[in-house]
Structure formats: C-alpha cells, structure tokens
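Welcome! Please take a look at the sequence and the model below, and we will walk through them together.

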Amino acid sequence: MTIQLPAVYRAFIDTNGLFEGFSVTAHEERYVILWGEDEVTSANAEIEVDVYAPGYVAFAGNGGGEVYAFDATGAVFMLPMIGMEPAAALHVAEDFLEFARGFQSVATPGE
C-alpha cells in the first residue's frame, strides 16, 4: 500500500517533530497524537482504512478510539475506529495547517 501524505504534513514533522497535545479548532478542543510516516503506513494497514473508509488516510489518533484522517483534498476529518466509514467522517479542518494552528502542547510537571 502506498500512502500519500500532504507535503505540508511531512514538512511540519520534519521541522517540528511529532506532536502530542491538544488542538483547538472551531471552538472545540481535541487530543492529538501525530504519527510518523512508518506508523501511518502500519496503522492504516492494521485498521484497514482503505477497506472501511476508502479515500481517507489516517495520520494521527486521539487515544480514545478515533483517528484523524486526510481526504483526497487534504482536509482533516475524524473517523471512529469502530463503525469506520466515509459517512461517519467528522470534518475538523480544511487542511493540516488550519488543524496545526490550534496545537497546544501539554506541559508535564517540572517543565
């Protein structure tokens, strides 16, 4: 399976590294754990995104049974891991940059 990630996602990871924390968009706060390219490939194969939600590529999780995915235009959606199908996709952001603008790191004790 060949995974096509938006160039802006790859550039973000190359520049900033992987992110784990909250993203605030459209007045909603969501937890995000970005995946590296290897994990994107393995996770998409493992949860069979191409079978259950064709046209989407999962690139992150929320630690609570949902994944973030790009559609063919690069828009960001949230998909449930149980009941995954295109009709269940919840639009989160027009693109990765909009999504990433809301990133807020979680401070750990002692920082």
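Let us begin with the rings: Tyr-9, Phe-12, Phe-19, Phe-59, Tyr-68, Phe-70, Phe-96, Phe-99 and Phe-103 are linked by ring pairs into a cluster. Rings of Phe, Tyr and Trp (its six-membered ring) pair if their centres lie within 6.5 Å; planes under 30 degrees apart count as stacked, over 60 as edge-to-face and the rest as tilted. The structure holds 17 aromatic pairs. One of them joins Phe-96 and Phe-103 edge-to-face, at 6.1 Å centre to centre and with 80 degrees between the planes. Phe-96 is buried, with a relative accessible area of 1%, and Phe-103 also counts as buried, at 15%. Here buried means under 20% relative accessible area, exposed over 50%, and partly exposed in between (1.4 Å probe, protein chains only).

A word on the source: this is a predicted model, in which local features need pLDDT of at least 70 and side-chain atom pairs count only at pLDDT 80 or more, while totals for chains, interfaces and linings use all residues. Residues are numbered from 1 along each chain as its sequence is written, and side-chain values use heavy atoms, leaving out hydrogens and water.

Now find Glu-48, in the loop between helix H2 (37–46) and helix H3 (49–52). Helices (H or I, at least four residues) and strands (E, at least two) are DSSP runs, numbered from the N terminus. Most residues other than glycine have a negative phi. Glu-48 is not a glycine, yet its phi is positive, about 55 degrees. Glu-48 is partly exposed, with a relative accessible area of 35%.
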